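Here are my notes on the model you sent. Please read them with the structure open.

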Amino acid sequence: MIGYYVHHQGRGHLHRAMCVARHTRTPITGLSSLPRPESWSGEWVRLPFDTDPGAPQPVRDPGAGGRLHWVPLHHDGLRARMGAIADWITRTAPSLLVSDVSAEVTVLARLMGVPVVVSDMRGDRSDPAHALAYDIADCLMAPWPEELPEPGRPLRWRRKTVHTGAFSRYDDRPRPAPARPKGPPRQVLVMLGAGGSDISAAQLRDAARATPRWDWQVLGGTGPTWCADPWPLLTTADVVITHAGQNAIAECAAARRPAVVIPQHRPHEEQHATARALDTAGLASVRPRWPEPHEWPDVLAAACRTDGRRWALWAPGDGASRAAHLLDSLAAQARTGGTTCASR
């Protein structure tokens, strides 16, 4: 049995878990505050939230003196959440737990004697909580290509990092050829995602007005433009504009479409780190900020000159099966008493 902790922020963690679970031979139990997905075939443990926006409790020392990220003292939700995970570990004695992502869940599982695979994220992970989680993990599973490693990582982390390449729920989907003729108006698809966006409605409106030869379609965010399956729009867009979240980039890469990538600020700057890697490899047109309206015609023209087929370097198409093979191997080693570390 493998436990797979799925963070509830956005949809990327969930999509990644579902991709891997489809390929593993070892049974997987999902552990998350998200509802059980309809297509999830294994056990799913619904975890209490460790935040309570409806009836907030006083928060005391949430970072444990700076050593962890979120462990507020005397918090009912946190206690119930960790108790549910601990109860599941006690009942099932899993061979392995995947943490995607939580330093606290990583520590809890390891304290209970369970080997842990941390789903790696780019950016600065040198803060005490991440450093502890990365140090005690048996393996770091990096969903990006080995040819574009995250710079500055210490040797002790690099030695146990396994690069799977990016993967998404669309890796097995055929890419339909665009049915419409290539000419004005061309199609631009904006993907804002479910994890929050810095882009305002006014910025989107001004960009569309500045590019009358383009039709703009916006998906995501917190409004009514959320689309559960953007694949048909992705594969027929002339240019995709997206943030640099791991899942959004993986889906764009699967579609092999030219992209403008505008990283958004996150606590550990993972989107900016991803954008730098894409820019270095020439996989996308990376912009440090949302362009001014007069800049958009040139931005879209430059993106069109990018060969979308180069995305194969980032997302070769078999990343989920590579990740599943890694987890199956580590779980088997744990059952036979071998080392669970990928490279030690």
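1. What covers the buried residues of H4? The cover includes helix H3 (103-111), strand E5 (116-119), strand E6 (139-142) and helix H5 (155-158). Helices (H or I, at least four residues) and strands (E, at least two) are DSSP runs, numbered from the N terminus. Helix H4 itself spans residues 128-136, and its buried residues are Ala-129, His-130, Ala-131, Ala-133 and Tyr-134. Buried means under 20% relative accessible area, exposed over 50%, and partly exposed in between (1.4 Å probe, protein chains only).

2. This is a predicted model, in which local features need pLDDT of at least 70 and side-chain atom pairs count only at pLDDT 80 or more, while totals for chains, interfaces and linings use all residues. Residues are numbered from 1 along each chain as its sequence is written, and side-chain values use heavy atoms, leaving out hydrogens and water.

3. The largest nonpolar core has 31 residues. Such a core is a set of buried Ala, Val, Leu, Ile, Met, Phe, Trp, Tyr and Cys residues joined through side-chain atoms within 4.5 Å. Leu-234 and Trp-311 are among those with the most contacts inside the core. Helix H8 gives the largest share of this core, seven residues. Apart from it lies another core, of 26 residues, including Leu-47 and Tyr-134.

4. Glu-251 lies in helix H8 (residues 246-255). Glu-251 is buried, with a relative accessible area of 4%. Not counting residues up to four places away in sequence, Glu-251 touches residues including His-15, Arg-169, Trp-231 and Leu-234 (contact means heavy atoms within 4.5 Å).
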